[in-house]
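Have a look at it first, then read on.

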Amino acid sequence: MTRPNSLQKLLGRIKENPTGPIARALEFSKAAHANQKRESGEPFFNHSLAVAEILYQWKLDDATIVAGLLHDTVEDTSVSLEKIKSEFGEEVSFLVDGVTKLGRIKYQDSNPKVENLRKMVLALSRDLRVVFIKLADRLHNMRTLGSLPPAKQKRIALETHEIYAPLAYRLGMQNLSGELRDLAFPFIHPKENEWIKKTSVPLFEARLKYLERIKPVIKRLLDEQGIKPITIDFRAKRYSSLYEKLLRHEMDMEKIYDLVAMRIIVETVLECYAVLGVIHQKWPPLPGRVKDYIAMPKPNSYRSIHTTVIGPDEQLIEFQIRTTKMHEENEYGIAAHWLYDQERRNEEKNRPRLTKLVEEMQWVKQLRNWLEKYRGPKTDPEEFIQAMKIDFFRDRIFAITPKGDVVDLPVGATPVDFAYHIHTEVGNGCVGAKVNNQIVPLDYNLRSGDLVQIITQKNKRPSEDWLKFVKTSIAREHIKAALREKDKLRRSARGPTKTELRVTGENRLGLLKDISAVVERSHLSIVSVHAPSQPGSRFTALRIQCETTDKQKIEKLIVKLKNLKGVRQVSYRFV
Ligand code: MN
């Protein structure tokens, strides 16, 4: 629908300025590719135009669109880079050269060459627009992959799956990454693709119908507790990721509870837990399926609460609960970081805009908003490009694993941060590190393009000293968790001696006092109280430790606590 429209717009813009750089590039590219045809039989130039059109849709600047039109001229025709430079200037020739060089990175069997990848990462940090052109080029090639010979199809689809989709993902372009994966999937797994389509379509439809029925129920439940969700929507799994999950579940579609998940987005972290409490009070959770990725984020920084409950008619429902900020970071990766910086700079007055963004945002829209901000009539294009380069990569570095995966980290990150981003166990077991084949200390500051190798030892536990130099919260949280575990092991040798109560309720004055009074009256002595200070927030979660492990006493106490005004949920564990 929008595609022919945007092509017309691009062509319209060329007509308006028939001697401008885009018009000249169009003619130049048409002439250069004059006798070339694509495998489908259509003129090669159509591809150049399609790439320019995608870049135009992404609202990129003129130099990038010009470079998009010319991106294959140096590689595939007799045109030299000098010619491009003299016709279109330094900036365009730099971009075309960058794309040509990236094109030379050819995919070798299942092990992409680390050296090449490093070049790509360095190109990335020089000018992001080169990568946008390459991704637009790849997107169009994938959309037209059907007309290539089968052997080529598979190689290109694999390369897309293993290099370009993860790269897009790394850059925060989650939607583009998903589209690339889905386009590659039928060529990599043709039979499975057929099977999944046939099997999942009726299931998808049944799930959607069911969730449509549940949605108003949840809305009402939350409303009763005064929780106003920002959005409640459904998220269908993409075919490519559905397949990966099926592989882990004996290809049994019935075991995929999150074929369509229900996603609830709220404003604050505390509301996330409150929503979880509301859901669990209404429907019983499935044991072992409650995942708190807010307290313990995934290694790729993903944060959310997941739970699967047994809903009406004994049907399983998966919920994903998160805040707006978490949602954006999950969906848009690095992009969300710079988006948030922009938002913060505009301060509180733009609050409603954020909410609107969540509803309709795709990374393209984000990019567009951001570009428009920089592209006012007064903005110098030089300044804009500088801002784009700096903002996108400011405070980030890209380090590489021996297998060729790219890990993005904040500036100042150390091998320990890197290790925890690979896997919790790698982090916990880390005893040393090599950077570019040289042994380095664990507090070494990594730089973009560094090839990092972590040396691990089994049954090793992290050291408390690491907390002094790690830069990422993931590393910090995992180190603390491992240290706590160590502590607990030591204590559990003696057996638990105390009970920790967790009371979630309305953040009202006097709540803590009332709770203490009830505990005191039950003849239990309080050892410690942890009350988060959150003035102004609607809910609070208190942790109270008492000197007892008498289950009966505790359960009686919980009944009394639940009767207190404003208390929503009480749980306990022995410590
Ligand atoms: Mn191309």
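## The metal site

Along the chain, the donors of the manganese ion follow the spacing H-x23-H-D-x64-D. Donors here are N, O and S atoms within 2.8 Å of the metal (3.2 Å for Na, K and Ca), and since water is not among the atoms, sites may look incomplete. Keep in mind that this is a predicted model: local features need pLDDT of at least 70, side-chain atom pairs count only at pLDDT 80 or more, and totals for chains, interfaces and linings use all residues. Residues are numbered from 1 along each chain as its sequence is written, and side-chain values use heavy atoms, leaving out hydrogens and water.

The protein donors are H47 (NE2), H71 (NE2), D72 (OD) and D137 (OD), and they lie 2.1 to 2.3 Å from the manganese ion. H47 and D72 link distant parts of the chain, 25 residues apart. H47 sits in helix α3, while D72 is in the loop between α4 and α5. Both H47 and D72 are buried, meaning under 20% relative accessible area with a 1.4 Å probe, protein chains only (exposed is over 50%, partly exposed in between).

| Residue | Relative accessibility |
|---|---|
| C272 | 0% |
| C430 | 1% |

Counting cysteine sulfur pairs within 2.5 Å as disulfides, you get zero disulfides.

## Two helices meeting

In α2 the residues L26, S29 and K30 meet F45, S48 and L49 in α3, where contact means heavy atoms within 4.5 Å. By class, that contact of α2 with α3 has three nonpolar, two polar and one charged residues.

Conventions
Helix = DSSP H or I, 4+ residues; strand = E, 2+ residues; numbered from the N terminus. Nonpolar A, V, L, I, M, F, W, Y, C, P; charged D, E, K, R; others polar.
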